[in-house]
Amino acid sequence: MIQRTLYDKLVDSHTVRKLDEAGNEVLLYIDRTVLNEYTSPQAFSGLREAGRKVFRPQAALGVVDHVNSTRPAIRKAQSLENRDRQISYFGENCRDFDIELFDLLHPNQGIEHVVMTELGLVLPGMVFAAGDSHTTTYGAFGSLGFGIGTSDIEHYLATQTLAYTRLRTMLITVNGPLSVGNTAKDIIMAVIRRIGADGATGFAIEFAGSTIRQLSMEGRMTICNMAVECGARGAIVAPDDRTFEYLSALPRSPSGSLWDTAVSNWQTLSSDPGAPFDKTVEIDAADIEPMVTWGTSPDQAIPVTQAIPALDSFQGAEERNHAERALAYMGLRPGMHMTSIRIDWAFIGSCTNARLEDLRSASSVLKGRKVADGVRAIVVPGSSEVSRQAEAEGIARIFMDAGFEWRQSGCSMCLAMNDDIVPAGERCASSTNRNFEGRQGFNSRTHLMSPAMVAAAAVCGHICDIRDMEPGSAY
Amino acid sequence: MHIEPFIRKSGIIAALPSANIDTDVIMPKTFLKGIDRSGLKKGVFHDFRFDADGSPRPGFVLNKAPWNKAEFLVTGANFGCGSSREHAVWGLRQIGISAIIAPSFAGIFYDNCAKNGLLAITLPADKTAALVETARKGKPVTIDLLARVITAPDFSFDFDIPERRRQMLLSGLDAIGATLEMRRDIEAFQARYLEERPWLAWSER
C-alpha cells in the first residue's frame with residue numbers, strides 16, 4: 001500500500017473528482033468557510049448578478065472583524081448608524097443568503113479565526129477555505145485550511161468546492177524542550193528565518209516532533225497561523241489527545257455517542273510511517289531564542305540577543321539590496337543591537353497572538369509594572385469571548401493597571417484597516433504576523449515578537465530580552 | 001463575470017526586481033474600503049508611486065515613460081505574498097497590466113490572477129534576469145499564450161503553465177459555470193461524505 005502523508009489523506013478524502021489525468025488538479029470539497037466584511041462583498045455581488053444561490057449556507061459563518069473600531073463608543077456608532085458600508089452590506093448579504101452572522105455587537109464577535117476555533121467549528125479532518133490568508137491556523141487541529149481570494153469565495157459559495165492544485169509536502173520537525181522565555185511565536189519566527197519568506201511557497205507543511213507535541217493548542221495555532229508567512233498554503237499538526245481534550249470543552253463540538261464516533265475517526269489522522277515528503281527540515285528547540293524582526297519581511301528576524309547583521313553577510317546583490325532598503329525604511333543600521341531600539345507603540349492582538357494563553361503570558365510580565373513613558377500600549381483580545389474570560393480572570397485589570405488600553409475585539413492594528421494606526425515614522429513592538437512596509441500605517445515601523453516580548457518592550461520602552469526581566473520565571 | 005481572454009499580447013515590460021513584494025505594498029489598506037471592484041487604479045503601488053502629499057515620485061519605474069504604459073511586469077521571487085486581498089490583482093488589471101513574470105508567486109495571488117485574466121508566468125531566475133534587462137532598455141516583448149512563448153528583441157523563452165489555467169485564460173471561461181456543470185458529482189459526494197461523518201452536521205446551526 002502507498003504510504004500517504006496526512007496532507008494527502010485530507011486532499012484524497014475531499015476529492016470530488018480529478019480535473020486532470022494525473023490527479024494533480026482536483027475538484028476539492030470544502031467543509032466550511034468563515035466570511036468577513038472586506039473580502040466578501042464582491043463575491044456576494046457576483047452571486048446576485050448571476051442569480052446564483054449559496055450551495056450550503058449552514059457551512060458558512062460571517063464575522064465582522066477587519067474594519068471595525070475596537071473603541072466601544074465608535075464601535076457602537078458604527079453598528080447602529082450603519083456608518084460603514086462594508087459592515088452594512090455584509091449584514092444584508094448574510095441575511096439574504098441565510099448565513100449565520102456575528103455582527104459588531106454580537107456576543108461572539110471576534111477575529112474570524114479565533115471565533116471559529118473557540119466555538120468548535122474547526123474539527124480534525126476537515127478542509128477550510130476562507131478569504132483571509134491566515135486560514136492556515138486551522139491546521140493546528142489536524143485539518144487543512146488555506147486562504148483564497150474573492151473570486152474563489154464566490155466559487156466556494158456557489159459550489160461548495162474549489163478547483164484545487166495539489167501542493168508539495170514539507171515536514172518540519174522540532175525536537176527538544178523549549179527553554180524559558182520562548183514561545184510558539186519564537187519557533188515559527190525561527191522557522192521562517194531559516195527557510196525564508198518563500199521557503200514553503202507551493203508547499204503544505206506538516207509540523208511534528210516533541211516540541212510541537214508539548215505545545216498547547218493555542219501555541220499550535222500560532223505556528224500554523226504564521227506558516228503562511230513563509231508561503232505555506234496549508235500547515236498541519238496531526239491531532240492527538242491534547243487536541244481532543246481541547247475540543248471536548250467547546251460549545252459546538254459534537255457530544256455523546258457522536259463524540260466517540262468522531263474521536264475514533266480522528267485518531268486515524270496522521271501521516272503513515274515512512275510517508276514521503278518532498279522536503280524535510282529539522283530544528284533543535286535548544287537553538288531557539290526569543291525572536292524579533294528588524295526588517296520589512298517576516299524572514300528578516302534574529303534572536304533578540306543579536307545585532308542587526310552586516311550588509312556583507314547577505315548572499316547576493318538582491319538580498320543585500322533588500323536588506324539595505326528594509327533598514328532604510330526601518331530607520332536602523334547594521335550592527336545595532338536589537339535591545340537598543342526604542343519603541344513608541346506596543347500592540348498585543350491579532351489572529352496570531354491574542355488568545356487567552358497569549359494574554360496570560362503578557363500579563364504575567366506586566367503584573368506590578370508600568371508601561372514606560374512615551375509608549376502607547378494597546379491590547380485587543382482575539383474575541384469577545386477571550387475578552388470576557390480575561391476580564392473574569394483579572395487579566396484585563398493587570399493590563400489596565402500597567403497602562404495598556406483594554407479594547408474590544410477585531411483585527412485592529414495588525415493591518416490598520418480601522419482607526420488603530422501607527423503614525424508615520426513611529427515604531428511598534430507587535431505580537432502580529434506581518435512587518436511589511438506600511439502594514440500598520442503609512443511609513444509605520446513594525447517589530448514582530450511574542451506577546452510576552454511586546455509586554456517587556458512596553459515596560460522597558462525599548463526592545464528587550466524577556467529573560468533579562470524575570471529570571472527563571474515561566475510563562 | 002466577463003473576463004477578457006489572453007491569447008497573444010505585445011507591450012512594454014516594467015521591472016520590479018525586488019523579492020517578496022507583498023499585497024500590502026501592491027494595494028495599501030486605504031483602498032480596500034469598497035464593496036465593488038472599481039476605483040483601484042490609484043491604489044496600485046500607491047506608497048511607491050506617490051509622496052505623502054500625493055505628488056508622483058519621479059524615480060518610481062511606473063511613473064516614467066515608457067514604463068508608465070507597461071503592459072507586463074517582471075518581478076522578484078514570491079511576488080504577491082501576504083494578504084489574500086484580490087484587490088491587488090483587480091488594481092493591476094485596472095492600470096493595464098495583463099501579465100507578470102516572476103521566479104515564483106505566492107499561492108493565493110497566483111490563483112487570484114487566473115480568475116481575473118491576469119497571466120502569471122513562472123520562469124527560472126536567470127530568465128527573469130534577462131527580461132529585467134529587456135525591461136530596463138524599454139524594449140517591448142510579445143507573450144503568446146497559445147504557443148507558450150515570450151519573445152524579446154534579443155531572445156525568446158518557452159514557458160510552462162498548467163493546462164487548465166491556460167485554457168481558462170485563453171477562453172475567459174466562467175469558472176463557476178464550469179464547476180456547476182459537475183453539480184451532480186458534488187451533490188453525490190456531499191451526501192456520502194456527510195453520512196460517513198455524522199458529527200459534522202451536529203456543529204451546524
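Start by selecting strand 9 (residues 168-175) and strand 10 (residues 203-208) of chain A: they run parallel, joined by six bridges. Strands here are DSSP E runs of at least two residues, helices are H or I runs of at least four, and both are numbered from the N terminus; two strands pair if DSSP finds at least two bridges between them. Show A:Leu171 and you'll find A:Glu206 of strand 10 opposite.

A word on the ground rules: this is a predicted model, where local features need pLDDT of at least 70, side-chain atom pairs count only at pLDDT 80 or more, and totals for chains, interfaces and linings use all residues. Residues are numbered from 1 along each chain as its sequence is written, while chains are lettered from A and ligands numbered from 1 in the order written.

Next, pick strand 12 (residues 279-284) of chain A, which pairs with strand 9 in the parallel sense over six bridges. There, A:Val174 has A:Ile283 as its bridge partner.

Finally, bring up chain B. In contact (C-beta atoms, placed from the backbone, within 7 Å) are 64 residues of chain A and 55 residues of chain B. Color helix 6 of chain A: with seven residues, that helix gives the most to the chain A side.

Key
Two residues are in contact if their C-beta atoms, placed from the backbone, lie within 7 Å.
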